[in-house]
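Keep the structure open as you read.

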Amino acid sequence: MGIEAALPHDSILTTQFNRVVNWARRSSVWPLPFATACCGIELMATACSRFDLSRFGAEVMRFSPRQADLLIVAGRVGIKSLPVLQRIYMQMAEPKWVISMGACASTGGVFDTYAVVQGVDQFIPVDVYVPGCPPRPEMLIEGIMAIQRIIDEDNIPKDPDGMRLPLNIALQPNYEPSAQPMDISVGAT
Ligand code: SF4
């Protein structure tokens, strides 16, 4: 933001001002849903009343990159739609964040084929990888909270040229599947 550059560095005024700016940023993350497949349904569920993404100030979905600062890639990305994704990312203003939601966005998932991008991080920087097929809404909320924590701590990594580096946070699954196969008994007892 322009006013940050105008303030003297390392003054108490700058420090307090940064805290206010970071609080405002993390409390009003506006996502742009790039939802292409089934993960998009879980993304919609996250914004609905049961999970209520607005508790985290992130429910204002924007479909214009100029009004969004969190790109959520939910679902598989085809080679043909990749230029659209890249253009949307480039049109978003800094500071901006990217969540790769689900196995397909992060790795191509089960779609090991030439027509599907085998991980969007090969083409745009990804901050948080949310695991699952699909991830549950709680997992996506965990991913958004991970970004909020980084903003809050004013801990945004930058390279020597001042460009922001991707966070590369890989969330761990928050559930344990039961052992498979389950015991089944067949026949008369
Ligand atoms: S990760 Fe699973 S749920 Fe998500 S888009 Fe791929 S196949 Fe669908």
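Strands E2 and E3 run parallel and pair over 5 bridges. This is a predicted model. Leucine 70 has tryptophan 97 of E3 as its bridge partner. Alanine 74 is bridged to methionine 101, also in E3.

Now look at E3 itself. Is this strand enclosed or open? Of its 5 residues, 5 are buried, so E3 is largely enclosed by the rest of the structure. Both of its faces are covered. Trp97, Ile99 and Met101 are buried on one side, and Val98 and Ser100 are buried on the other.

Step back to the whole sheet. It is open, with 5 strands in the order E1-E2-E3-E4-E5, and the pairing is parallel. Which strands stand at the edges? They are E1 and E5 (169-170). Each has a single partner strand, so one side of each is left without a neighbour in the sheet.

The sheet belongs to a chain with 6 helices and 5 strands. Along the sequence, the pattern reads α-α-β-α-β-α-β-α-β-α-β. The chain has 189 residues, and 26% of them are buried. Consider the contacts with a separation of 6 or more: 76% of these join residues 24 or more positions apart.

Next comes the core. Nonpolar side chains in soluble globular proteins tend to be buried together. The largest nonpolar core here has 34 residues. Leu70, Leu71, Ile72, Val73, Ala74, Ile99 and Met101 touch the most other members.

Leu140 leads on to helix H6, where Met139, Leu140, Gly143, Ile144, Ile147, Gln148 and Ile151 are buried. An α-helix has 3.6 residues a turn, so residues three or four places apart point the same way. After H6 comes aspartate 154, with a positive phi near 55 degrees.

Compare that with leucine 82, which is in helix H4 (residues 82-91). Is leucine 82 buried or partly exposed? A residue needs 20 or more other C-beta atoms within 10 Å to be buried. Leucine 82 has 16 C-beta neighbours inside 10 Å, so it counts as partly exposed. Leucine 82 still touches Val77, Val117 and Phe123, not counting residues up to four places away in sequence. Isoleucine 124 is 42 residues from leucine 82 along the chain, yet their C-alpha atoms are separated by 9.8 Å.

Finish at the ligand. Its surroundings are Ala37, Cys38, Cys39, Gly75, Arg76, Gly102, Ala103, Cys104, Gly109, Cys133 and Pro134. Which helix gives the most to this shell? Helix H5 (residues 102-107) does, with 3 residues. By type, the shell divides into 7 nonpolar residues, 3 polar and 1 charged.

Conventions: Residues numbered from 1 in each chain as written. Predicted model: local features only at pLDDT ≥ 70, side-chain atom pairs only at ≥ 80, totals over all residues. Near = placed C-beta within 6 Å. Helix = DSSP H or I, 4+ residues; strand = E, 2+ residues; numbered from the N terminus. Nonpolar A, V, L, I, M, F, W, Y, C, P; charged D, E, K, R; others polar. Core = buried A, V, L, I, M, F, W, Y, C linked by C-beta atoms within 7 Å. Buried ≥ 20, exposed ≤ 12 C-beta atoms within 10 Å, placed from the backbone. Contact = placed C-beta atoms within 7 Å. Pairing = 2+ DSSP bridges.
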